[in-house]
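Here is a short tour to read alongside the coordinates. Have your viewer open and follow along.

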Amino acid sequence: MMNSILTSKWAKVVLFLVCLIPAGMLIRDFFTGGLGGNPTQFLEHATGDWTLRFLAITLSVSPLRKIFRLPQLIRFRRMLGLFAFFYVCCHFTIYLCLDQVLDFHSVLKDVIKRPFITVGFTGFVLMIPLAITSTAGWIRRLGGRRWRMLHRAIYLSAVAGVVHYYWMVKSDVHLPLEYAGVISVLLGWRLFDWYTNHAPRTATAEAAHKETSSSAVE
Ligand code: HEM
């Protein structure tokens, strides 16, 4: 049942539409005056939140695939990652056009002088090559190993996003810390997975090495 849902050609279409819901709601709020007294800040905050959520959802695909033995989930990872990129592009565009009214000098000053903008900008820039190389053609061109290495930059983007949020808030750090917890679990799982996959191999290799050295001595 689960398998047929995940492999159905409609699953991607449905997911695509679901991922557009936050953007659709913001557009609706824009036209119905639902953005509150400070629309720019509202949009900045909402798109920032959705960027972090999509980064976390994208990072959840691999653990969920392995824990629930659902290899088909991989079909959705690229789309989810690209939606994280879509929302960060909206976030940056809102900052650039509405907050800074295209004053590039002021943007540059912000990027250099305000640490929370510096780190957010770094997270954004790191996502650009990932979005560009997300296609099957780029996986082939780079080779699976190099592609995987490059795409580990998403870990840095997620951490940069959390630090950016943490440094932005002045008093109540509750929410940024919640995101920090989620991202730490997702990255911690990868460390654990890497360790459990490599430790036995290392032990075997060491045992084999000891055996060869002792037999060489003999
Ligand atoms: C990985 C990249 C990024 C992520 C994950 C991210 C995430 C966030 C989050 C979660 C918030 C707070 C939302 C809330 O309060 O509910 C936020 C606010 C904000 N972000 Fe980002 N952001 C990123 C990149 C950027 C970039 C590149 C810029 C601009 C250069 C930027 C500028 C801002 C600004 C101006 C605010 C609102 C600050 C305020 O109202 O005082 N962010 N961002």
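## Burial and overall form

Of the 218 residues in the protein chain, 33% are buried. Keep in mind that this is a predicted model.

The protein chain holds ten helices and zero strands. Its radius of gyration is 21 Å, well over the 17 Å from the globule rule for 218 residues, so the chain is more spread out than a compact globule. Along the principal axes, the C-alpha trace spans about 80 × 50 × 35 Å. Among contacts in the protein chain with a separation of 6 or more, 67% come from residues 24 or more positions apart.

## The iron site

Which residues coordinate the iron atom of the ligand? H91 and H164 do, each through NE2, at 2.0 Å. H91 belongs to helix α4 (residues 77–99) and H164 to helix α9 (residues 153–168), so the pair, 73 residues apart, links distant parts of the chain. Both H91 and H164 are buried.

The arrangement is octahedral because the six donor atoms around the iron atom of the ligand subtend angles of 87 to 179 degrees. For reference, the ideal angles for six octahedral donors are 90 or 180 degrees.

## M79 in helix α4

M79 is located in helix α4. Is M79 buried or exposed? With a relative accessible area of 15%, below the 20% cut-off, M79 is buried.

Setting aside neighbours within four places in sequence, M79 is in contact with K12, L15 and F16. F31, by contrast, is 48 residues from M79 in sequence and 28 Å from M79 in space, C-alpha to C-alpha.

## Aromatic pairs

The count of aromatic pairs comes to 14. One of them joins F86 and Y87: the ring centres are 5.0 Å apart and the planes stand at 70 degrees, so this pair is edge-to-face. F86 is partly exposed at 33% relative accessibility, whereas Y87 is buried at 1%. The rings of F121 and F124 are also edge-to-face, with centres 6.4 Å apart and planes at 65 degrees.

F121 and F124 both sit in helix α6 (residues 115–132), three residues apart, or about one turn of the helix. F121 is partly exposed, with a relative accessible area of 30%, while F124 is buried, with 11%. Elsewhere, ring pairs link F16, W50, F54, F83, F86 and Y87 into a cluster.

Definitions and conventions. Residues numbered from 1 in each chain as written. Predicted model: local features only at pLDDT ≥ 70, side-chain atom pairs only at ≥ 80, totals over all residues. Heavy atoms only, no water. Donors = N, O, S within 2.8 Å, 3.2 Å for Na, K, Ca; no water. Tetrahedral: all angles 85-135°; square planar, octahedral: opposite > 155°, others 65-115°. Helix = DSSP H or I, 4+ residues; strand = E, 2+ residues; numbered from the N terminus. Buried < 20%, exposed > 50% of the residue type's maximum accessible area, 1.4 Å probe, protein only. Rg over C-alpha atoms; globule rule 2.2 N^0.38 Å. Contact = heavy atoms within 4.5 Å. Phe/Tyr/Trp six-rings, centres within 6.5 Å; stacked < 30°, edge-to-face > 60°.
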